[in-house]
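Please open the structure in a viewer and keep the selection tool at hand.

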Amino acid sequence: MQLRSPAWVADGRVLALADDDGRRARVTITADGDDVLFAVEAEGLPSAVRPAHPEWYNRAHLVVQLNPGHDHCTRVQYAVDDAGRVVASSHWVVPGEEPRDGPAVAPAEPSAARATFEATGEAGFRASLRVPASVLWPGDASLVGLAVKVGFHEEVVAEPLVWPRPVQWWEADGPMGFGDLVRTPPAVAVESVSVAEPAWGEPTELVLRVALGGGAPRTGRVHVKTVVPDDSEQQAPSAAWRASGDKAEVRTSVVFPHRGKWETRNGVAAALEIALTDDDGRRLWAGGFPFGFDFGIIVRERYGPRGRAMPHRPDPGDADFVEAFRRYVLARLPDYRAATTAEGAASDFYLVDPDGDADLDLAAADWPDALAAQLAERFGRWDDALAALAMWIYHPLITRHSASWARIAGSLTVDALPRIGGCFCGDTARLGAMLAERLGRRIGVPLRAWTLGLRGHLATLVETPVGRVVLDGMIGLWFHALDNTRLATLEEMRADRAVVDRMWYSPRRHGHEFYFGRDDQIVRDWQAGTVLLPDGTPR
């Protein structure tokens, strides 16, 4: 993914915005003592009817959205409309898999702003918002994330003029797409941050494209770390950078810790923190970026061998058993590519294995049995095949955690879930249970499965020869006993926090643990939610 960060200086310079239909606006931002003045002169199109919309965003308006602290999560919004209403709100917002996915939490209201609005002619207006500078630049902060919108009051609601583009102006939109605002022309401006194929547990390349002012240093270092809230930090070795003229392309890498896949608390996120310094360590630019399995910088697993030697199954005594076993499983699962009948595939739900050994047609009635046969052949052992099953479900072409798709997924038969992709934890729990039982029949080991309700999440519970074990296909997790000789039982997960903690740092929600110290998980028949066809026939 690439995050754009165009910069704007609060020195009164004019930004001209326009659309193809003739709407135009001139926006200025000026630091003025203890305040920052946002002002616009705009000209819309004549409209015979101007409906009395109660919503400010359907009327003529000026909107300023800010990201104080440059964490790319916190959004402070100020707006004034042609009815004279002034809006001030604050949200913690991070985009998810689909445009309207992602958490939105409302913290305390921000400091008030002063506003003016004046109509000019038939379709024009002047508007301003005066915001305390302390909101934009708390403490010694030198930059703030920024987005600006100018809307028009017309019978046919028009798309607003916005900076920067593209910015999506719905509730779930967050500061990941904002530009930067600085008090004075910066010595260093980061124009974009590219995160190439973000991956759990493996080095991911970062590329920062930087513009340098006349007095800026031409060499320095980039510092990168990941922060898992209330748990741990991982500092990568700093890397040197050198300018070429007035530009620099700064390259480094980061490892996203797999334990940080899912932060279950609203308003909290694991973060990638980046800082550019000169050779003496003086900070020139800094920013934080949320990451997770389903929002912010969306991190995936790297499936398939990818041209590398096939890793052996690690010995239980391996000091890095958890990561080595993850690599063992991932290398043996296909890194699917989607294909359709237009491309000559057998169906529109066809998954191609780039290595040519394990294509899968999700429209075929027997696809669950075909998958069970592939896992049995590739892993042999029932316990390794169960772990692989959890990771298979996590593949983004099988399931993606999406609120937008949840209501549809919850109304589907289990075998149809991978054909739509988006779903919630209850769906992956049912899918895991169905496939675990198919896998058991294929391998010749009796496996009985249920859904496991955790009061805030659902997983799959499987009765096996070693006891009841837990799979979590939504985030691609299984849990080994601490001696690494077998899968852990639910009873062991209840008794020892470390069993889950080394795989996932946040197995709790709404103030209670999912596993440790609890014996009240809710076990249900995975077929209890059977879908009824239109004629009433269960499926």
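Strands (E, at least two residues) and helices (H or I, at least four residues) are DSSP runs, numbered from the N terminus, and two strands pair if DSSP finds at least two bridges between them. This is a predicted model, in which local features need pLDDT of at least 70 and side-chain atom pairs count only at pLDDT 80 or more, while totals for chains, interfaces and linings use all residues. Residues are numbered from 1 along each chain as its sequence is written, and side-chain values use heavy atoms, with hydrogens and water left out.

Within this pair, select Leu15; its bridge partner in S4 is Val27. Now widen the selection to the open sheet of five strands, whose order is S3-S4-S5-S11-S10 with antiparallel pairing. Strand S3 (11-18) and strand S10 (114-120) stand at the edges with a single partner strand each, so one side of each has no neighbour in the sheet. From one strand to the next, the twist averages 15°.

**Stop two: a three-stranded sheet**

Next, select the open antiparallel sheet of three strands, ordered S24-S25-S26. Its edge strands, S24 (337-339) and S26 (360-361), each pair on one side only. Three bridges connect S24 with strand S25 (residues 350-352) in the antiparallel sense. Ala338 stands opposite Leu351 in S25.

Move to the loop between strand S13 (161-163) and strand S14 (179-182), where Pro164 lies. The peptide bond from Trp163 to Pro164 is cis, with omega near -10°.

Then select Glu197, in the loop between strand S15 (188-195) and strand S16 (203-212). Its phi is near 45°, a positive value in a residue other than glycine. Glu197 is partly exposed, at 44% relative accessible area (buried means under 20%, exposed over 50%, partly exposed in between, with a 1.4 Å probe and protein chains only).

Arg455 is found in the loop between strand S29 (448-453) and strand S30 (458-464). Phi of Arg455 is also positive, near 55°, and Arg455 is partly exposed, with a relative accessible area of 39%.

Conventions
Axes are lines fitted to C-alpha atoms, for helices over the stretch in contact, and angles run from 0 to 180 degrees between N-to-C directions.
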